[in-house]
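Me: I have just opened this model and would like a walk through some of its details. Could you start with the words I will need?

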Amino acid sequence: MTKVPEQAGASTIWGGRFAGGPSAVMQRINASIDFDKRLYAQDIRGSKAHCAMLVKTGILSETDGQAIVQGLDQIRQEIDEGRFVFRTDLEDIHMNVESRLAELVGEAAGRLHTARSRNDQVATDFRLWVRDTIDGMGEALKGLQTALLDKAERHAATVMPGFTHLQAAQPITFGHHLLAYVEMFGRDRSRLADGRARLNECPLGAAALAGTSFPIDRHMTAAALEFDRPCANSLDAVSDRDFAMEFLATAAICSVHLSRLAEELVLWTTAQFRFVTLSDSYTTGSSIMPQKRNPDAAELIRAKAGRVIGDLNALLIVMKGLPLAYSKDMQDDKEPVFEAADTLELSIAAMTGMITDLSVRTDRMKESAGAGFTTATDIADWLVRAAGVPFRQAHHITGHIVRLAEEQGVGLQDLSLSDLQAIDPRITAEVFSVLGVEDSAASRTSFGGTAPLNVTAAVHSARQRFL
């Protein structure tokens, strides 16, 4: 066999077409190894599956196949142990692994790339990485839900003010409030599971874009990598990044949920609210004000939602105008996904810790639950039930009662019966039975309502649905 000489400075990957090598700037902008080395476990797993398929179909000898698998296992061990040297001149994780494999097993390493391209290789690696990340993130969210449910169960009857427009609206229970976030994070887990089901198709074997003339078995590699099936279209297989965008969209929504809860923790820990206290583990002090306990973990979670939302926007913009099939723009698909995954993982862990550790000021919550005439709706409802007043008329009557209490500077429960009857004679002393904040919360027994018995039942139901 005649040996084809390599040109000085040309790439060993694609240098046959080029007489010279890339500039230093080109090498820097073209290399992705600094971030895509995170795909090493998925890359090696995909290569082993591809190798087994090549052997099974007779494209690769068993001897070469065994050597390749042994070499790949050694590379995996070297990377795991931190002994592997990643080279920027080899551009990416795929060529770094292949180059080291050639050092270990010789010419057989060059046969591994038969019937595949870096296009279908990276698409497979990336899907595997996102799938693994989804599984881990689902478990992390499950842990956060567990912490919320445990706290909600302990505070099923702890009364606090419920808000609309951040104005005191009606008494609710703290357990009920926390259960709202259990539902939010449950939807996040559902979105992750939906996205996982859609991404679970295998691009391997689509090659560069058109498939291959070799008699490969794509169903075999798909099964080996635990995909449901091979991607049906070779062009779509190498150019699709819907799975990454969908993951980022779910991550962004989840970050918004975390940010909302973080904002409430920030408010609740202020001297003006004093609803909860965070432990030393998730707060910091001030360099000048010795009395301060700052909810920095919550504030950082609140801020980090912006980064995850930005990561989603970044990938959407990368993909928005790309013609089929693969373009180098798509090399920029991984950094936003990696950053979002890292950011969200850290935020979930911090929130789980805060919820687990926080102390609840039940006395302060109850004290605040009645502020702002929060049982006004209970008066209107009583007028409808006990006196047969149409609700719109009852609403109007109650508005007069609230105005009177405001003028006298007292709570609704502090008004005299004669004051109430002066506004509407149909009011009796029985109305005072609905003016306590605990009575108000306990009366909300409709499905999904805040009554303590409901909350206890809802916690049990949520444990069955989510845990």
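This is a predicted model: local features need pLDDT of at least 70, side-chain atom pairs count only at pLDDT 80 or more; totals for chains, interfaces and linings use all residues.

Me: Okay, Phe373 then, where is it found?

Reply: Phe373 sits in the loop between helix H14 (362-369) and helix H15 (376-387). Its phi is positive, about 60 degrees, although Phe373 is not a glycine.

Me: And is Phe373 buried, exposed or partly exposed?

Reply: With a relative accessible area of 21%, Phe373 is partly exposed, as buried means under 20%, exposed means over 50% and partly exposed is in between, using a 1.4 Å probe and protein chains only.

Me: Which other residue has a positive phi although it is not a glycine?

Reply: Glu91 has one too, at about 70 degrees, and Glu91 lies in the loop between helix H4 (62-80) and helix H5 (93-105). Glu91 has 7% relative accessibility and therefore counts as buried.

Me: What about the peptide bond from Leu324 to Ala325, cis or trans?

Reply: That bond is cis, with omega near 10 degrees, and Ala325 belongs to the loop between H12 and H13.

Me: Let's move to H12 itself. How far apart are its end C-alpha atoms?

Reply: They are 35 Å apart, which agrees with the 34 Å that the 24 residues of helix H12 (residues 296-319) should span at 1.5 Å a residue; the expected span is 1.5 Å times one less than the number of residues.

Me: Which residues of H12 are buried, and what do they pack against?

Reply: The buried ones are Ala297, Ala298, Ile301, Ala305, Val308, Asp311, Leu312, Leu315 and Met319. They pack against helix H10 (234-239), helix H11 (242-268) and helix H13 (334-357), where contact means heavy atoms within 4.5 Å.

Me: How do H7 and H13 pack?

Reply: Helix H7 (residues 118-154) and H13 pack at an angle of about 15 degrees with their axes 9 Å apart, the axes being lines fitted to C-alpha atoms over the stretch in contact, and the angles running from 0 to 180 degrees between N-to-C directions. H7 and H13 are therefore roughly parallel to each other; angles under 35 degrees count as roughly parallel, over 145 as roughly antiparallel, 65 to 115 as roughly perpendicular and the rest as oblique.

Me: Changing topic, where does His50 lie, and what does its side chain reach?

Reply: His50 is part of helix H3 (residues 40-56), and at 1% relative accessibility it counts as buried. Its side chain reaches the backbone oxygen of Leu112 at 3.5 Å, and, not counting residues up to four places away in sequence, His50 touches Leu112, Thr114, Ala115, Arg116, Leu204 and Thr221.

Me: And Asn200, where is that found?

Reply: Asn200 is in the loop between helix H8 (174-199) and strand S3 (201-202), and its 4% relative accessibility makes it count as buried. A polar atom of the Asn200 side chain lies 3.3 Å from the backbone oxygen of Glu226. Leaving out residues up to four places away in sequence, Asn200 touches Arg131, Glu226, Phe227, Asp228 and Arg229.

Me: Last one, which residues does Ala394 touch?

Reply: Ala394, which is found in helix H16, touches Ala380, Leu383, Val384 and Val389, again not counting residues up to four places away in sequence. Ala394 and Ala380 are 14 residues apart in sequence and 4.9 Å apart in space, C-alpha to C-alpha, and Ala394 is buried, with a relative accessible area of 0%.

Conventions. Residues are numbered from 1 along each chain as its sequence is written. Side-chain values use heavy atoms; hydrogens and water are left out. Helices (H or I, at least four residues) and strands (E, at least two) are DSSP runs, numbered from the N terminus. A polar contact is a pair of N or O atoms within 3.5 Å; within protein, one must be able to donate a hydrogen and the other to accept it, and residues adjacent in sequence count only if both atoms are side-chain atoms.
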